[in-house]
Amino acid sequence: MLYRENGQFKTSYAADQQIFPIAQDRLAIGLLLLVAFVVMPMAGSEYLFRAVLIPFLILALAALGLNILVGYCGQISLGTGAFMAVGAYAAYNFLVRIDGMPLIGAMLLGGLTATVVGVLFGVPSLRIKGLYLAVATLAAQFFTDWAFLRISWFTNNSTSGSVSVAGLNVFGMPIESPVAKYLFCLTVVCVFALAAKNLTRTATGRQWMAIRDMDVAAAVIGIRPVYAKLTAFAVSSFIVGVAGVLWAFVHLGAWEPAAFSIDRSFQLLFMVIIGGLGSIMGAFFGAAFIVVLPIILDQVPHLLGIPLSTATTSHLVHMIFGALIVFFLIVEPHGLAKLWSIGKQKLRLWPFPH
Amino acid sequence: MGFFLETLFGGLMAGMLYSLIALGFVLIYKASGVFNFAQGAMVLFAALAMARFAEWIPKWLGFDNLIVANLLAFVVAMALMVVLAWVIERLCLSRLVNQEGITLLMATLGISYFLDGLGQTLFGNDIYSINVGMPKEPAMILEGMFEGGLLISKEDLVAALIAAALVLALALFFQKTSTGRALRAVADDHQAAQSIGIPLNRIWVIVWSVAGFAALVAGIIWGSKLGVQFSLSLVALKALPVVILGGLTSVPGAILGGLIIGVGEKLSEIYLGSFFGGGIEIWFAYVLALGFLLVRPQGLFGEKIIDRV
């Protein structure tokens, strides 16, 4: 009834090409941003920021990066954790070794380093694809796991192998309190989400999708597979690297290579698949699902008053989590974003049948 | 020289064990086109079942005989793996027919989470031991040829022999029985196989059961070597480069790939490890497989179906 585009005429090219062509969508996204930027910092509890919102935002950013590679360009990667780690450790080194390096600068340089490594490990994609490529990207994962554990230069010769950062600030504003951390992550995520959304609407983005849909046909119409694939790896690794910096610096504070283990890579791939391949919105849905679900599942036995040991609970959470993933894949293999768009389509007609 | 040969033998034995797990991947991929990430979880689940039933069955039935207990536990664990195969086929795979490879891969990852949880809920999460009477003490061979002879672990030798026997049995099963022929038909072309009356669903149950059997054997051997614990499910990650190196669709590839990775890992750790600061075993296999793929994208023996990019 309310969600109708009747009477919203597009009178210019700019109006035709905007990201949210329907006025109600613009209103909804505006309200969402208002809630996220203004209401949440005032109303949210510290636990909410620390345990839910900050991990959600950062992992959504990483999933966004991965989605560019997997969802838009069709190159499967199981090494996302590695690129996060590269971003995090590179940014750490830039911050520690160069005096007066600002946080944003370190973050972007970390992202750039991740880009270089990502392109390097993206080179095999020119020769192999599909599941072979997926396993090949695991090489990146295991190699970085090892490198950050064994090569002490990367960790600034820290004896315990764990590194930490403190006293973060942006333009003189300290990023210490949960609210400040939350707002910082939110800003970064919004900037990158907007950039990614626009990037997928450019020629480069369309080239990625052409390669994804059929690489031979794409090559025939003049798209260079090398360029398209490597740019996808580069952009994806950059965003993932920045997410890695945020995860290490803002969320963890002190970390070791285990924070970016292969489990993280799988987790991110789950987010992308469950959220919806080839959808910016999907990355957020997926991240919300994967971050929030275990927290809820953890709470259920307490709420119901069933006495279970922590080990049993964690095993049960594992089981339910796995079962739900399979369930979602069966119900909607195209992810939550697809459900969302089906819902929107239905809503357009509602309450009339046609 | 003696040391080199010792390392080489050690590598070959370890390689046989990798092949055993790689075999499970290849079987399922060949027959259903599913890259089964849950193989590691299946190994853990099977090993847990085996270890616990071998402990429980004598208690329930009130006898005390290691061999009978192990045999019964093996039968029960195998039955459990068949049931598991049936359930996976019914509840999951049959509903995901015609989905993309990546979706199926994710589904098996979900299954592996589920199995990890289920196994540890049912059977407990301590470290258990499997005692099937594997010889523990090392043996010396070729004492005449080298000074001091070669030190070889008998346990590894037995494991390698079992693995070889399993491979032979599977090869015979695939080549000589009518079920094996049906499996190969399904592997070649789902639709064509279906059109000549091969029941896809039953074939998948069989294939997952056979993979479950391979997982059980691998679980017993690894379990009696390392103890049955959660880390067993990570052994599968070691087997991935083996599959890639050998080719996803080739049983001999899995064996040869396993041997190459096993030997390569041991030799590189000893002769190159010191240059890199040690511990290169974890990534060496992957980098080797990656380098190999650049030259030959379908692996050693893989079918050339992946089109060139």
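Two residues are in contact here if their C-beta atoms, placed from the backbone, lie within 7 Å. This is a predicted model, in which local features need pLDDT of at least 70 and side-chain atom pairs count only at pLDDT 80 or more, while totals for chains, interfaces and linings use all residues. Residues are numbered from 1 along each chain as its sequence is written, and chains are lettered from A in the order in which they are written.

**View 1. The surroundings of B:A47 in the nonpolar core.** Setting aside neighbours within four places in sequence, B:A47 touches B:I130, B:G219, B:I220, B:W222, B:G223, B:V228 and B:L232. B:A47 also belongs, with A:L61, B:V43 and B:M50, to the residues with the most contacts inside the largest nonpolar core, which has 211 residues. Such a core is a set of buried Ala, Val, Leu, Ile, Met, Phe, Trp, Tyr and Cys residues joined through C-beta atoms within 7 Å. A residue is buried if 20 or more other C-beta atoms lie within 10 Å of its own, exposed if 12 or fewer, and partly exposed in between. Helix α8 (residues 200-226) of chain B gives this core its largest share, 17 residues.

**View 2. Chain B as a whole.** Helices (H or I, at least four residues) and strands (E, at least two) are DSSP runs, numbered from the N terminus. Chain B has 309 residues, of which 49% count as buried.

**View 3. Where chain B touches chain A.** The contact draws 40 residues from chain B and 38 residues from chain A. On the chain B side, α4 (101-123), α9 (235-246) and α12 (281-295) each supply at least two residues, and α4(B) brings the largest share, 16 residues. By class, that side of chain B has 27 nonpolar, 11 polar and two charged residues. Here Ala, Val, Leu, Ile, Met, Phe, Trp, Tyr, Cys and Pro count as nonpolar, Asp, Glu, Lys and Arg as charged, and the others, Gly among them, as polar.

**View 4. Helix α3(A) against α10(A).** The axes of α3 (residues 46-72) and α10 (residues 225-252) of chain A come within 8 Å and cross at roughly 165°. The pair is therefore roughly antiparallel, a word used for angles over 145 degrees. Axes are lines fitted to C-alpha atoms, for helices over the stretch in contact, with angles from 0 to 180 degrees between N-to-C directions. Among the residues that meet are A:I54, A:L61 and A:Y72 in α3(A) and A:F233, A:W247 and A:H251 in α10(A). The residues of this contact divide into 20 nonpolar, three polar and no charged.

**View 5. Helix α3(A) against α11(A).** The axes of α3(A) and α11 (residues 262-275) of chain A come within 9 Å and cross at roughly 70°. These two helices are therefore roughly perpendicular, the term for 65 to 115 degrees. Residues of α3(A) in the contact include A:L59, A:L66 and A:N67, and those of α11(A) include A:L268, A:M271 and A:G275. By class, the contact has nine nonpolar, three polar and no charged residues.

View 6. A:A288 sits in helix α12 (residues 280-304) of chain A and counts as partly exposed because it has 18 C-beta neighbours inside 10 Å. A:A288 and A:L53 are 235 residues apart in sequence and 9.0 Å apart in space, C-alpha to C-alpha. A:G30 lies in helix α2 (residues 23-43) of chain A and is exposed, with 11 other C-beta atoms within 10 Å.

Conventions:
Parallel < 35°, antiparallel > 145°, perpendicular 65-115°, else oblique.
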